[in-house]
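Please look at the sequence and the model below, and then read on.

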Amino acid sequence: MNQSIGFPELPMGFSIALAQNPQALSRFAEMSEAQRMAVIDHTHAIGSKSEMRAFVASLAEGSAGFFH
């Protein structure tokens, strides 16, 4: 179990990318449990660091589609 940045069960690459983007981290923290689980599930399909950074940036911008 990964306890990075206060959320259990985060994939390592996702937690690193979140730690590097405070706005995305803040938005992720404000999400409901269901929204966070959907985001985490989505990260399992991401295959590169650059793709992960882009996904986390989209969370920061609110454009990832997980806020509805």
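Leaving aside neighbours within four places in sequence, Ser58 is in contact with Ser63 and Ala64, where contact means heavy atoms within 4.5 Å. Ser58 has its place in helix H4, and at 14% relative accessibility Ser58 counts as buried; buried means under 20% relative accessible area, exposed over 50%, and partly exposed in between, with a 1.4 Å probe and protein chains only.

The model is a predicted one, in which local features need pLDDT of at least 70 and side-chain atom pairs count only at pLDDT 80 or more, while totals for chains, interfaces and linings use all residues. Residues are numbered from 1 along each chain as its sequence is written, and side-chain values use heavy atoms, with hydrogens and water left out.

**Overall make-up**

The protein has four helices and zero strands, and its pattern, read along the sequence, is α-α-α-α. Helices (H or I, at least four residues) and strands (E, at least two) are DSSP runs, numbered from the N terminus. Of the 68 residues of the protein, 35% count as buried, and among the contacts between residues at least 6 apart in sequence, 48% join residues at least 24 apart.

Axes are lines fitted to C-alpha atoms, for helices over the stretch in contact, and angles run from 0 to 180 degrees between N-to-C directions.

| Helix pair | Angle | Axes apart |
|---|---|---|
| H1 and H4 | about 55° | 9 Å |
| H2 and H4 | about 65° | 8 Å |
| H3 and H4 | about 160° | 11 Å |

Angles under 35 degrees count as roughly parallel, over 145 as roughly antiparallel, 65 to 115 as roughly perpendicular and the rest as oblique. H1 and H4 are therefore oblique to each other, H2 and H4 are roughly perpendicular, and H3 and H4 are roughly antiparallel. A crossing is left-handed if the near helix is turned anticlockwise from the far one by less than a right angle, and right-handed if clockwise.

Helix H1 (residues 12-19) meets helix H4 (residues 49-61) in a right-handed crossing. On the H1 side the residues are Gly13, Phe14, Ala17 and Leu18, and these meet Met52, Phe55, Val56 and Leu59 in H4. By class, this contact has seven nonpolar residues, one polar residue and no charged residues, where Ala, Val, Leu, Ile, Met, Phe, Trp, Tyr, Cys and Pro count as nonpolar, Asp, Glu, Lys and Arg as charged, and the others, Gly among them, as polar.

H2 passes H4 in a left-handed crossing. Here Gln23, Ala24 and Arg27 in H2 meet Val56, Leu59, Ala60 and Glu61 in H4, and the contact has four nonpolar, one polar and two charged residues.

H3 passes H4 in a right-handed crossing, with a contact made by Val39, His42 and Thr43 of H3 and by Met52, Phe55 and Leu59 of H4.

**The buried side of H1**

In H1 the buried residues are Phe14, Ser15, Ala17 and Leu18. Seen down the axis of H1, these buried residues fall within an arc of 165°, so they line one face of the helix; the arc is that of the directions from the helix axis to the C-beta atoms. What covers the buried residues of H1 includes H2, helix H3 (33-43) and H4.

**Individual residues**

Leu25 is found in helix H2 (residues 22-30) and, at 23% relative accessibility, counts as partly exposed. Although Leu25 and Leu59 are 34 residues apart along the chain, their C-alpha atoms are separated by 8.5 Å.

Glu61, placed in helix H4, counts as exposed at 61% relative accessibility. Glu61 and Arg27 are 34 residues apart in sequence and 9.0 Å apart in space, C-alpha to C-alpha, and both take part in the contact of H2 with H4.

Ala54 is also found in helix H4 and is partly exposed, with a relative accessible area of 48%. The C-alpha atoms of Ala54 and Ala64, ten residues apart along the chain, are separated by 10.0 Å.
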